[in-house]
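Please read them beside the model.

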Amino acid sequence: QAQLQESGGGLVQAGGSLRLSCTQSGRTFENYALAWFHQAPGKERKFVAAISSSGDSVEYIDSVKGRFTISRDNAKNAFYLQMNSLQPEDTGLYFCNVQRDVEIVAPRWSWGQGTQVTVST
């Protein structure tokens, strides 16, 4: 099964920005809600944000509201997470996946390798 491919991570200072991307060749995202997940060092992977198949509905966890923006480009079969005002607690691996719904956290495909985000003080 083809893997999801995350990219765009890196090392930034607190207050900085990064834009994560998620792509997958061979399978279309078009009919799915899309979601980002965060795995902090030594912690479980947790939901961060999701966007509906139409792009009309989004969900965020409270800690990233106003700082992160999820978006999608169905023509490119890609979606993104714009991360602003990054804080040290945002450090970790970020993964993307598809879901049936924005509201129900239920990733459906195999996980990719993730992309590492490190926020320094």
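**Aromatic contacts**

1. One aromatic cluster is made up of Phe29, Tyr32, Trp36, Phe79 and Trp109. The model is a predicted one. Across the whole structure, the search finds seven aromatic pairs.

2. Tyr32 and Trp109 make an edge-to-face pair, because their planes stand at 75 degrees, and the cut-off for this class is over 60. Their ring centres are 5.3 Å apart.

3. Are the two partners buried or exposed? Trp109 has a relative accessible area of 7% and is therefore buried. Tyr32, at 22% relative accessibility, counts as partly exposed.

4. Phe37 and Trp111 also form an edge-to-face pair, with 5.0 Å from centre to centre and 85 degrees between the planes. This pair too links distant parts of the chain: Phe37 belongs to strand E4, Trp111 to the loop between E9 and E10, and they are 74 residues apart. Phe37 is buried, at a relative accessible area of 4%. Trp111 has 25% relative accessibility, so it counts as partly exposed.

5. Trp111 has a charged neighbour as well: the charged end of Arg45 sits over its ring, 3.7 Å from the centre.

6. Arg19 lies over the face of Tyr80, 3.9 Å from the ring centre.

Conventions. Residues numbered from 1 in each chain as written. Predicted model: local features only at pLDDT ≥ 70, side-chain atom pairs only at ≥ 80, totals over all residues. Heavy atoms only, no water. Phe/Tyr/Trp six-rings, centres within 6.5 Å; stacked < 30°, edge-to-face > 60°. Buried < 20%, exposed > 50% of the residue type's maximum accessible area, 1.4 Å probe, protein only. Helix = DSSP H or I, 4+ residues; strand = E, 2+ residues; numbered from the N terminus. Lys NZ or Arg CZ within 6 Å of the ring centre and 35° of its normal.
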